[in-house]
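The sequence and the model come first, and the notes follow by topic.

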Amino acid sequence: MEKRFSEMDEYELKLEISMLNEKAKKAEQLGQGNEYAVYERRKTLAQSYLIDPSTIEPGAAYRMTDGITLFEVSYMNGRFAWGYRTGERELTGVPIALLADKVTQV
């Protein structure tokens, strides 16, 4: 029986992230785009459990890991930040691992 990310300690999470990274690389090399996307998404979720959600401030804007998109956090729910991407009007939830750094001016 597999453990949930929430049940893993830091060491187990890092091992899981490493394993998912290897699986993603293999899937990419084999041209399995869907498999690659699944492993990358799971890896992002696992990385979110290594971040203290209290470090994410509702009302603040964060640059996302793509380096371009800004995300304004409305509220937190577990390891997900809910808010709005730059230029979008639809409320979206993103794993907190996708938030790179807080932006001082929007």
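Does lysine 102 count as buried or as partly exposed? At 42% relative accessibility, lysine 102 counts as partly exposed; buried means under 20% relative accessible area, exposed over 50%, and partly exposed in between (1.4 Å probe, protein chains only). The model is predicted: local features need pLDDT of at least 70, side-chain atom pairs count only at pLDDT 80 or more, and totals for chains, interfaces and linings use all residues. Residues are numbered from 1 along each chain as its sequence is written, and side-chain values use heavy atoms, with hydrogens and water left out.

**Salt bridges**

- The structure holds six salt bridges, a salt bridge being a side-chain nitrogen of Lys or Arg within 4 Å of a carboxyl oxygen of Asp or Glu.
- One of them joins glutamate 57 and lysine 102, at 2.9 Å from N to O.
- This pair links distant parts of the chain, 45 residues apart: glutamate 57 is in the loop between helix 2 and strand 1, and lysine 102 is in strand 5 (residues 99-103). Helices (H or I, at least four residues) and strands (E, at least two) are DSSP runs, numbered from the N terminus.
- Glutamate 57 is partly exposed, with a relative accessible area of 39%.
- Glutamate 16 pairs with arginine 42, and their closest N and O atoms are 3.6 Å apart.
- Glutamate 16 is buried at 12% relative accessible area, while arginine 42 is partly exposed at 30%.
- Glu2, Glu16 and Arg42 are linked in a network of salt bridges.
- Lysine 43 and glutamate 40 form a salt bridge with closest N and O atoms 3.3 Å apart; the two are three residues apart in helix 2, so about one helical turn separates them.

**Nonpolar cores**

- The largest nonpolar core has 11 residues, including Ile56, Tyr62, Phe71, Val73 and Leu99. Such a core is a set of buried Ala, Val, Leu, Ile, Met, Phe, Trp, Tyr and Cys residues joined through side-chain atoms within 4.5 Å.
- Strand 1 (61-64) and strand 2 each supply at least two residues of this core.
- A second, separate core of nine residues includes Phe5, Leu13, Ala24 and Ala27.

**Tyrosine 75**

- Tyrosine 75 lies in strand 2 (residues 70-77).
- Tyrosine 75 is partly exposed, with a relative accessible area of 37%.
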